[in-house]
Amino acid sequence: MISLLEKLTQAFGVSGNEEQVRDLICNEIKDYVDSYHVDALGNLIAVKKGSGRKIMLAAHMDEIGVMATHIDDKGFIRFTNIGGISPHIFVGQKVRFANGTCGAIFYEEKDADMKNLKFSKMYIDIGASSRAEAEKKVKTGDTACFLSNLTVQGEFAYSKAMDDRCGCAVLVELIRNLSQTSNELYFVFTVQEEVGLRGARTAAFQIVPDIAIAVDITRTGDTPEAELMEVQCGKGPAVKIKDSNIIAHPEVKRLLADCAGKNNIPFQYEVLERGGTDAGAIHITAGGIPSGALSIPCRYIHSPVECISLRDLENAVKILREAVKQA
Ligand code: CO
Ligand code: ZN
């Protein structure tokens, strides 16, 4: 699973530009599903046919990043954020545009107010000496993601885009490990989660599943002076109870907890006070869909060093493999 996670996390896929990561996922799953298609907004929907209930599993393909807003006469690029990120996280980072162009992010040093650092005081340096030279590589509106390798150390792994290529890896692994299914399974790799759960909403409206489960990462409270949060990295996947956008449906919550409990797979419960995931959009679509989520605990969310436990990832696959049978 590590090499799959490496391919997925390293792929480019800032919200609205998910083509590269989508092509990669397509290649990984096409021989294992009955059908697949890309919908109008860009979601990848893969189906394993069955005669039972319709179950939708969703993981978002997009990642947070930056978008070029202006290029100055000297070739420096001004930018804005795509998704929720604080400017401090970007200081001293390298980013990569979809065409492979890399840049270094820094801030205006003179009169720098580090406490109130704003994107408007920062820039991307791609090594161009004029606007014309820069525009050969980057145009206004182009997006860039962090440049950050996957590093594995013991059971922990660090990379950009664990949010939510972890969820994508879990779904890909599940697709490859399930041969027969009595329920009809819809594996949905969604677009534009980070900018407002957009792809999941329209995908669920098309599919109208009987139940839906989002697979995403969640915050942890296990780092020095972290905000209070029960979830810990490495203590098992987290069955969502609540976040800012959803109170998980009791049926889905019970299903996930029972599948973990009965098979002696470690799990935790998640109450996330700020933030949400695709389930938030899915459950209030198409007349209402019983929905919940299984979360991979992740430290340093929306940074280049998002950190997860590989054991949690493998246990998420195990729980879902049971859940799609029992649902
Ligand atoms: Co996110
Ligand atoms: Zn996410």
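Analyst: The accessible surface of the protein comes to about 13900 Å² (Shrake-Rupley method, 1.4 Å probe), and carbon and sulfur atoms hold 48% of that area. This is a predicted model, in which local features need pLDDT of at least 70 and side-chain atom pairs pLDDT 80 or more, while totals for chains, interfaces and linings use all residues. Residues are numbered from 1 along each chain as written, chains are lettered from A and ligands numbered from 1 in written order, and side-chain values use heavy atoms, without hydrogens and water.

Turning to the rings, the structure holds seven aromatic pairs (ring centres within 6.5 Å). One of them joins Phe79 and Phe119 edge-to-face (planes over 60 degrees apart), at 5.6 Å centre to centre and 70° between the planes. This pair links distant parts of the chain, since Phe79 lies in strand 5 (residues 77-82) and Phe119, 40 residues apart from it, in the loop between strand 7 (102-107) and strand 8 (122-125). Both Phe79 and Phe119 are buried.

Phe90 and Phe146 have ring centres 4.8 Å apart and planes at 20°, so their pair is stacked (planes under 30 degrees apart). Here too distant parts of the chain are linked: Phe90 is in the loop between strand 5 and strand 6 (94-97), and Phe146 is in strand 9 (residues 143-146), 56 residues apart. Phe90 and Phe146 are likewise buried, and together Phe79, Phe90, Phe119 and Phe146 form one aromatic cluster.

Methods:
Phe/Tyr/Trp six-rings, centres within 6.5 Å; stacked < 30°, edge-to-face > 60°. Helix = DSSP H or I, 4+ residues; strand = E, 2+ residues; numbered from the N terminus. Buried < 20%, exposed > 50% of the residue type's maximum accessible area, 1.4 Å probe, protein only.
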